[in-house]
Amino acid sequence: VKNELNANIRTFFFEGDFGSLFPNLDKQGFIPIDLGFSIGRQPLLFQDGILINDTVDSLGLVRNNVRLPGVSNLRISGVYGWNELDSRNDRQAYMLGMFLAADMPISTVELDAIYVGENRPEGGSFHAGVATTQRIGHISTTFRVLGSYSEAEDNARVADGVLLTSEVSWTPQSSDDIVYITSFLAIDNFTQAGREPIVGGPLAALGILFASPNLGNHLSELSGRANDIVGGAIGYQAFWDNHRRNLVLELAGRVDTSGVGPSDYALGFQFQQAFFRRILLQVDSFYAVQEDRDDAYGARTELLVQF
């Protein structure tokens, strides 16, 4: 038996707004000191976790409500992180990030960039992504283009690659249910700027079968890595009992484009039922057809209590 019990701090940060904390600095409201900040060990999640999904010792500054022609709101965020980048072997690795989000008449556009520096002569890595989110008629869509570039030789943690994704969803007439279709294309090996070990890979946001259950080292039903692969998922989420009960049915697959890796397909479901105000029962199950390997299947039950 391996004992992993420890007193390590996983999340501990403070956030606020300079204008609210020090109102006497600008009683008339003319000085642009409405600058938000956050410092400590905090989760960083950008591009829906595809670009970075990590808990990092970091300092972040954000400026909201920047007005530009044709832009109703522009948010500008800067982040410096100096510790706990879990996807790096180098304990002295640091990150610098700039994140922009603009609300425009047709779309919300996100433009994000991160540089991760490491204490080695080969250098660090660059990671960037752009996304547009909009409605096309009654259909909600999000399209992303992301890339990673390593100044050193490619390895399992950081490599060169491009990832293109699309997410399309709509609500069937006369219901609250959701139909969704996701797709992705990975060229070479796209890697994230940072990732907690339990949260899954870059594809985790594109379907329940690519997502990790966040239970130790339990992996996702289909690999969440984005290395020379094409695929996607189609699913249906049904709601009952005033959204206290829901069921997701999903069919997903990933097809290798390099000629050396396997292609996998899976069918799965996720059922959730809320009890009282803070208790949630979740049941998951799947069956996967795996190329060059035995088929896989399984089920999992969780009882979640929120404090």
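**Charges, fold and surface**

Analyst: In this predicted model, the mean positions of the 22 positive and 37 negative charges of the protein lie 8 Å apart.

User: Which residues were counted as positive and which as negative?

Analyst: Lys and Arg count as positive, and Asp and Glu as negative. On that basis the protein has 22 positive and 37 negative charges.

User: How many helices and strands does the protein have?

Analyst: The protein has one helix and 15 strands.

User: What share of the contacts links residues 24 or more positions apart?

Analyst: Among contacts with a separation of 6 or more, 47% are between residues 24 or more positions apart.

**The nonpolar core**

User: Which residues of the largest nonpolar core touch the most other members?

Analyst: That core has 31 residues, and those touching the most other members are Ile52, Met95, Ile114, Leu163, Phe184, Leu203 and Phe210. Two or more core residues come from each of strands E2 (35-46), E3 (52-68), E5 (94-103), E6 (107-117), E10 (178-190), E11 (226-240) and E14 (279-290).

User: Which residues does Ile52 touch, beyond those up to four places away in sequence?

Analyst: Ile52 touches Leu44, Leu45, Phe46, Met95, Ile114, Ala193 and Gly194. Met95 and Ile114 are also among the core residues that touch the most other members.

User: How do you know whether Ser77 is buried or exposed?

Analyst: Ser77 lies in strand E4 (residues 71-83). Its relative accessible area is 10%, so Ser77 is buried under the 20% cut-off. Leaving aside neighbours within four places in sequence, Ser77 is in contact with Leu61, Val62, Gly97, Met98 and Phe99.

**Asn189 and Asp160**

User: What makes Asn189 buried, and why is Asp160 called partly exposed?

Analyst: Asn189, in strand E10, has 16% relative accessibility and therefore counts as buried. Asp160 is in the loop between strand E8 (139-150) and strand E9 (161-170). With a relative accessible area of 26%, Asp160 falls between the limits of 20% and 50%, so it is partly exposed.

User: How do you know that Asn189 and Asp160 are in contact?

Analyst: The criterion for contact is heavy atoms within 4.5 Å, and Asp160 is among the residues that Asn189 touches, as are Ser148 and Asn227. Asp160 in turn touches residues including Ser148, Asp188, Asn189 and Phe190. The C-alpha atoms of Asp160 and Asn227, 67 residues apart along the chain, are separated by 9.8 Å.

**Positive phi and exposed residues**

User: Why is a positive phi in Asp228 or Phe276 noted?

Analyst: Most residues other than glycine have a negative phi. Phi of Asp228 is near 50°, and phi of Phe276 is near 55°. Asp228 lies in strand E11 and is partly exposed at 25% relative accessible area. Phe276 is found in the loop between strand E13 (264-275) and E14.

User: Why are Phe276 and Arg135 called exposed?

Analyst: The criterion for exposed is a relative accessible area over 50%. Phe276 has 69% and so counts as exposed. Arg135, in strand E7 (residues 125-136), has 53% and therefore also counts as exposed. The C-alpha atoms of Arg135 and Gly19, 116 residues apart along the chain, are separated by 35 Å.

Notes: Residues are numbered from 1 along each chain as its sequence is written. This is a predicted model: local features need pLDDT of at least 70, side-chain atom pairs count only at pLDDT 80 or more; totals for chains, interfaces and linings use all residues. Side-chain values use heavy atoms; hydrogens and water are left out. Helices (H or I, at least four residues) and strands (E, at least two) are DSSP runs, numbered from the N terminus. The place of a charge is taken as NZ of Lys, CZ of Arg, CG of Asp or CD of Glu. A nonpolar core is a set of buried Ala, Val, Leu, Ile, Met, Phe, Trp, Tyr and Cys residues joined through side-chain atoms within 4.5 Å. Buried means under 20% relative accessible area, exposed over 50%, partly exposed in between (1.4 Å probe, protein chains only).
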